[in-house]
Amino acid sequence: MENKPKISFVVPTKDRIEWVAECVGSLLAQTEKDIEVIVVDDGSKDGTYEMLTEWLKDEKRFRIFRNEESIGAGKSRNRGTAEAKSDLIGVCDDDDFYSVNRAEVTINFFKDKEDKAVMFNAPYLRVNYTGDPIEMFKGEKFDVEGFKKFGRVNYFCHPVCAYWKGDFDEVGGYNSETDKLTDDYQFVGDWIKAGKDIAFEDTDYLCFHRVLPTSIMAKHRGFREEWVRGDKPVC
Amino acid sequence: MTELRRDPLISFIVPVYQVTKDMLKRCLESLVTQDYQNIEIVVTFDGPDDDLLPVVGDYLKRHKNIKVIEIEHAGACAARNAGFKASSGEIISFFNSDYVAKPGMAKLWVDTLQDHPEFGFAYGAYEWNSSNRSVYWSKEFDEFELTQANYIDCGFPLWRKHVVEWDPEVKSLQDWDFWIRVVKNGVKGYYLTRDISFVAEMPRPGGLSMDSHQNWVARVKFVREKNGIPTTDMVACSIGAPFHGSKMAQMIGCDYDDGDHIIMKPNDYKALYMIGFFMRPADVKNMHSNILGKFKDKKIIIHYIGADIYWLRKFTTEELKLISGVLNRGNATVLCETELAQKELKDYGINSEIVPIPPYTDLDIKPLPEKFSCAIFLTDKSNFDKYCQKETLSIVRALPTVKFHAYGDACHDIQYPNMIHHGNMTTEEWEKFVYKTSSYLRICRHDTRPMASDEFLLAGRDVISNIPGIGVDYIDTGGDPEKMEFDPFEIGLNDSYWPDTKKKIVKAILSAKNNIRSEADRRDVRARLAWDLDKQKYKDLINSFIEEEDKVLIGGECGK
């Protein structure tokens with residue numbers, strides 16, 4: 001039987017040739033080497049697929065899949081997760097990058113939780129467009145009651161999440177994002193509905209998160225310049 | 001070439017004439033306490049001195065490696081020559097009796113000379129014994145610049161075989177005369193950069209150095225004429241880009257000064273050619289205005305280069321009126337390098353003519369390297385990130401399939417698998433560097449006409465830049481005047497626009513990689529540029545400005 005990597009990172013991407021390499025590069029540079037990176041190219045027209053293919057033609061831990069027609073980020077995550085070899089899935093966004101110990105910390109968390117239906121969450125840093133930190137999010141435990149009652153999210157960083165593939169399948173994966181709902185919000189709702197837990201670990205900042213003007217977050221909440229302004233670095 | 005590593009004897013020749021006991025004691029003490037053992041000290045009395053002899057006597061008792069000789073008073077040069085004859089070291093230092101060696105100096109000198117056998121002498125910084133211990137840092141070795149002014153103190157060490165006789169006819173600037181003749185024999189100097197070798201006493205009132213200040217023009221002329229260095233009517237000067245300034249001066253055939261001498265000393269030049277000219281509102285002291293003050297009745301040519309114009313934005317309208325008033329005066333000619341710069345200057349009320357500065361290299365079209373690569377410029381030489389270090393590095397991270405070759409003084413600690421950092425280069429290394437790469441990326445928050453961009457184009461390389469120009473693959477980062485965004489460079493680099501700009505840059509680089517331009521196309525660009533950047537044309541133009549009749553002073557038209 002083929003060896004399973006300890007974690008599969010799934011990166012959906014579309015027309016982000018100028019950002020995706022930094023994301024994939026940070027995953028392949030993890031201290032934990034026994035990982036795989038799956039990129040699902042959601043019908044990019046800017047050369048993303050060609051660039052990644054050329055760059056990583058000799059990288060065994062990397063695989064890329066291509067949607068001829070765009071199906072959206074959520075559905076692309078589903079496709080990537082279906083292709084994953086590991087039982088453990090790490091969620092990624094193509095415009096973010098990750099600290100070198102993300103895989104190590106995540107795997108460690110799940111070590112004694114093989115039978116637990118839990119989603120991993122951790123602190124993140126918001127960075128500006130040249131990668132300098134501009135805001136820290138120390139994070140806290142997900143407030144399930146608040147979410148159930150009011151649909152309120154006290155803290156949740158989607159691109160640092162990890163979960164067992166089995167739980168993902170039970171929940172039914174992601175739906176297409178709509179004008180009202182992002183893919184991650186829907187997924188979390190389904191996850192909670194299915195009676196599964198969301199844990200919070202007070203770790204290092206594992207994700208370096210950016211908000212692009214074209215990102216879903218900006219689309220839903222309106223783009224705010226303080227999300228990217230780099231004149232006041234926090235560290 | 002020198003032999004294998006060993007401990008050669010170094011002789012310190014210390015001429016003694018009218019110093020205090022304390023000074024002499026301090027000097028000798030600093031030499032005998034050096035942690036390098038194989039030294040010899042030749043104390044040469046320039047005329048008998050009964051007060052000072054006992055000071056040396058004390059040392060003679062305790063140290064075997066001290067020699068004392070005495071000549072009839074004939075000046076420092078004669079004393080040094082006599083001391084040299086009496087010495088036997090393989091390495092010689094003419095160390096003044098009012099100098100104090102820093103600990104480790106001798107070892108540093110000997111090690112440096114042995115480590116760099118292609119250099120005949122080593123030189124560098126020294127400290128003044130002033131209240132603030134100011135340092136004279138000296139500068140990188142350049143043969144031409146040594147013919148313009150001295151930057152090598154007499155105390156610095158050279159191999160015995162390179163020593164030339166000190167000329168007693170030269171009354172001041174003797175060390176300048178000495179080093180000119182050493183260097184004329186083909187000997188090169190190694191610059192010790194940050195290491196300060198010794199502490200020197202400030203010039204004494206009534207001493208020769210002070211006299212040389214008063215009679216500076218005549219003294220300089222004497223040394224120059226003696227060494228066959230032609231005198232010229234114009235001096236070129238550059239504060240912001242001294243390396244370019246010196247090369248431009250050589251291209252034009254005029255004198256060069258890095259600012260120190262024309263501010264501090266008198267001169268009899270007819271014209272000043274200021275290469276680069278910036279004033280910042282916050283500057284309390286501005287070297288450029290000091291220099292202009294020295295030439296207020298003479299011809300002044302001011303060439304706006306690089307990001308000079310950027311700083312004009314920071315002035316108020318009233319301040320700009322004053323500046324443009326001075327620059328539009330009859331004795332000043334303002335030059336810039338591009339139409340865009342001319343327009344910007346015009347907006348600030350300054351009239352200018354377009355004269356591009358040609359590169360001093362002779363690059364020609366050569367075959368592209370087999371594997372595509374892209375050169376980038378990383379520099380800190382600015383008080384903010386004017387040359388877009390961070391943005392440039394983010395492009396490197398975005399394109400792992402492209403090999404990047406970086407140059408410049410910044411980001412040496414940054415390592416990316418697809419980037420090699422070459423640091424600062426000599427002109428020869430630079431030419432090889434240009435031929436080794438296929439393209440050049442240059443983005444900035446303000447610039448006029450980077451010489452590097454021109455050089456890459458002349459060599460048939462692609463240039464991707466947000467500075468428009470002939471043959472440039474232009475990334476427009478300018479603002480939209482409709483939205484009251486008048487900045488020609490910076491808007492597209494701002495946070496809200498950078499993702500779009502970044503995409504354009506990434507696409508432009510990949511397009512250069514995937515669609516190689518034909519050689520005919522490259523030759524066409526080169527031909528158009530070469531006409532613009534003809535060296536003789538430039539030389540004639542600049543020289544013609546000296547002859548130009550003063551324009552009539554129009555007081556009322558100052559400013560906008």
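Modeller: Happy to! Over all chains, a search of the whole structure finds 52 salt bridges.

Please keep in mind that this is a predicted model. For chain B the average pLDDT is 90, and 95% of the residues score at least 70. One stretch to treat with care is residues 551-560 of chain B, where the pLDDT is below 50. In the model, this stretch has 14 contacts beyond near neighbours in sequence. For the complex, the predictor gives an ipTM of 0.91 and a pTM of 0.85.

Now let us step back to the layout of the chain. Chain B is divided into domain 1, covering 10-223, domain 2, covering 232-354, and domain 3, covering 373-533. Let us look at where domain 2 of chain B meets domain 3 of chain B. Taken over C-alpha atoms, the centres of these two domains are separated by 27 Å. Domain 2 of chain B brings 17 residues to the contact, and domain 3 of chain B brings 16 residues. Between them, an area of about 1,300 Å² is buried, and carbon and sulfur atoms give 58% of that area.

There are charged pairs across this interface too: the rule finds 2 salt bridges between domain 2 of chain B and domain 3 of chain B. A salt bridge also joins R313(B) and D487(B), whose closest N and O atoms are 2.6 Å apart. As for polar contacts, the count between the two domains is 3 residue pairs. On the side of domain 2 of chain B that touches domain 3 of chain B, at least two residues each come from α9 (242-252), α12 (308-312) and α14 (339-347). The largest share of that side, 4 residues, is supplied by α9(B). Sorted by class, the side has 9 nonpolar, 3 polar and 5 charged residues.

Next comes the meeting with the partner chain. Here 16 residues of chain B are in contact with 21 residues of chain A. The two chains bury about 1,700 Å² between them, with 59% of it on carbon and sulfur atoms. In chain B, the residues that lose the most area to chain A are R397(B), D495(B) and K503(B), together 30% of what that side buries.

Across the interface of chain B and chain A, the rule finds 5 salt bridges. D132(A) forms a salt bridge with K390(B), and the closest N and O atoms of that pair are 2.5 Å apart. Polar contacts between chain B and chain A come to 8 residue pairs. Two helices of chain B, α15 (389-398) and α18 (498-514), each supply at least two residues of the side that touches chain A. The largest share of this side, 8 residues, comes from α18(B). By class, the side of chain B that touches chain A has 6 nonpolar, 2 polar and 8 charged residues.

Technical notes: Residues numbered from 1 in each chain as written. Chains lettered and ligands numbered in written order. Predicted model: local features only at pLDDT ≥ 70, side-chain atom pairs only at ≥ 80, totals over all residues. Heavy atoms only, no water. Domains from an automatic or database assignment. Contact = heavy atoms within 4.5 Å. Buried area = accessible area lost by both parts, 1.4 Å probe. Salt bridge = Lys/Arg side-chain N within 4 Å of Asp/Glu carboxyl O. Polar contact = N/O pair within 3.5 Å; in protein donor to acceptor, adjacent residues only side chain to side chain. Nonpolar A, V, L, I, M, F, W, Y, C, P; charged D, E, K, R; others polar. pLDDT = per-residue confidence, 0-100.
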